[in-house]
Amino acid sequence: MVIMTLYAALDIGSNSVRLLLGEVAGEHVKPRRAELRSTRLLAGATGGWLQEEPVRRTAAAVAELAGLARGYHPAGMACIATSAAREARNPEILTAAVATGAGLDVIIIDGSVEARLTYRGALAGLTVPVDNPLVIDIGGGSTEFSWREGGEVQFTSVRVGAVRVMEESLDREAIRSLLAPVLARVRKSRPGFIIGTGGTITTLAALELALPTYRPELVHGLVLPAGRVEDWRRRLAALPLEARRNLPGLQPERADIIVAGVTILEIILAGLGAAGLQVSEADLLWGLLLAMARGERLK
């Protein structure tokens, strides 16, 4: 009999705060409960300064989700913060607010650690092993790439994310230019399988399936052809914001950034000459649960 231990993982992203409660044994994760709160931490962060209201919303969401998690009596709980916090000029206002409201120490991880945890989580979610996988995670503030090159796994983070593209009004050429160096490296390694994680990609899968209620078991493993990604980008861009909010599969609070996120994905697939990708629910939080179970340091 395999004994699994319950852990709680919290992720403070540029767009949302997420909680995953999961049981872990070895490299296996069994999700118990997942929650998400849209807080848009990166909103208005001109010049890299986090604003008080988004920080307040974010800290309140962390306190709520941490309280929920404690009700399950996990063996351990960790809270990480990614792009918006690590690039902020005043991250201390976030860490102090979370410490006060939730009683948690926030671990601000760098881009390579974020990519490494995402890669590990995505591979843990596969039902069968794959050769030379490339893992892409499109977040609110950054996009992470993980792939094998020269026999070793490479981890890279690029400051291109759905919220950042919208906040900074980046056009397609600017996005393409920022992604070009890492795409050139990835092409040379000839990845045989592309796995996509993050809110943009899972939302696109939910749109493709026209899900009135999000169902992770249907989203996980769905294959999105590059042509469908392009079709969705055109369709979403042509719709006014209110019409997007009513689409089955699209969370209303993500309607304003979905075009930016899908544009990033479209440019990545075109830059790689890829036919498509497989959507994964297993991601950064899965990797964090695995790291916690092994007592690994994240800094």
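Student: Two strands count as paired if DSSP finds at least two bridges between them. In this predicted model, which residue of S2 is the bridge partner of alanine 8?

Tutor: Alanine 8 has leucine 21 as its bridge partner in S2. The two strands concerned are S1 (residues 5–12) and S2 (residues 16–25), which pair in the antiparallel sense over 8 bridges. Leucine 10 likewise stands opposite leucine 19 in S2.

Student: How many residues lie between S1 and S2 in the hairpin?

Tutor: The S1–S2 hairpin has 3 residues between its strands. S2 also forms a hairpin with S3, with 2 residues between them. In that turn, glycine 26 has a positive phi of about 65 degrees.

Student: And how many bridges join S2 to S3?

Tutor: S2 and S3 run antiparallel and are joined by 10 bridges. Arginine 18, for example, stands opposite leucine 36 in S3.

Student: What is the strand order in that open sheet of 5 strands?

Tutor: The order is S3-S2-S1-S4-S5, with mixed pairing. S3 (28–38) and S5 (106–108) are the edge strands, each pairing on one side only. On average, neighbouring strands of this sheet are turned by 25 degrees against each other, direction ignored.

Student: Which helix packs on it?

Tutor: Helix H12 (residues 284–293) does, touching S1, S2, S3 and S4 (77–81). The direction of H12 makes about 130 degrees with that of S1.

Student: Is H12 mostly covered or mostly open?

Tutor: H12 is mostly covered, since 9 of its 10 residues are buried. Among these buried residues are Leu284, Trp286, Gly287 and Met292. Their cover includes S1, S2, S3, S4 and also H4.

Student: Back to S2: which residues point each way from it?

Tutor: Ser16, Arg18, Leu20, Gly22 and Val24 point one way, whereas Val17, Leu19, Leu21, Glu23 and Ala25 point the other way. All of them are buried. With 10 of its 10 residues buried, S2 is therefore largely enclosed by the rest of the structure.

Student: Change of topic. What is the order of the sheet with 6 strands?

Tutor: This is an open sheet in the order S8-S7-S6-S9-S11-S10, and its pairing is mixed. S8 and S10 (223–225) each have a single partner strand, so one side of each is left without a neighbour in the sheet.

Student: Do S6 and S9 run parallel or antiparallel?

Tutor: S6 and S9 (residues 193–197) run parallel and are joined by 5 bridges. Valine 135 has isoleucine 195 as its bridge partner in S9. H4 packs on this sheet and touches S6, S7, S8 and S9, its direction making about 70 degrees with that of S7.

Student: What about H9: which strands does it lie across?

Tutor: H9 lies across S10 and S11, running at about 70 degrees to S10.

Student: How many aromatic pairs does the structure hold?

Tutor: The structure holds 1 aromatic pair. Tyrosine 119 and phenylalanine 155 are arranged edge-to-face, at 6.1 Å centre to centre with 75 degrees between the planes. Tyrosine 119 lies in helix H4 (residues 111–124) and phenylalanine 155 in strand S8 (residues 152–158), so the pair ties together parts that are 36 residues apart in sequence.

Student: Next, the largest nonpolar core. Which residues touch the most other members?

Tutor: Phe145, Leu179 and Ile268 do, in a core of 42 residues. The elements that each supply at least two residues include S6 (133–138), S7 (143–149), H6 (172–189) and H11. H11 gives the most, with 10 residues.

Student: Which residues does isoleucine 268 touch?

Tutor: Leaving aside residues up to four places away in sequence, isoleucine 268 touches Ile136, Ile138, Thr143, Phe145, Leu179 and Leu183. Apart from this core lies another of 32 residues, including Leu65, Ala84, Ala102 and Ile257.

Student: Finally, how far does H11 reach from its first C-alpha to its last?

Tutor: H11 (residues 258–272) has 15 residues and reaches 21 Å, close to the 21 Å expected. Because 13 of its 15 residues are buried, H11 is largely enclosed by the rest of the structure. Just after H11, glycine 273 takes a positive phi of about 65 degrees.

Conventions: Residues are numbered from 1 along each chain as its sequence is written. This is a predicted model: local features need pLDDT of at least 70, side-chain atom pairs count only at pLDDT 80 or more; totals for chains, interfaces and linings use all residues. Side-chain values use heavy atoms; hydrogens and water are left out. Helices (H or I, at least four residues) and strands (E, at least two) are DSSP runs, numbered from the N terminus. The expected span of a helix is 1.5 Å times one less than its number of residues. Buried means under 20% relative accessible area, exposed over 50%, partly exposed in between (1.4 Å probe, protein chains only). A nonpolar core is a set of buried Ala, Val, Leu, Ile, Met, Phe, Trp, Tyr and Cys residues joined through side-chain atoms within 4.5 Å. Contact means heavy atoms within 4.5 Å. Axes are lines fitted to C-alpha atoms, for helices over the stretch in contact, and angles run from 0 to 180 degrees between N-to-C directions. Rings of Phe, Tyr and Trp (its six-membered ring) pair if their centres lie within 6.5 Å; planes under 30 degrees apart count as stacked, over 60 as edge-to-face and the rest as tilted.
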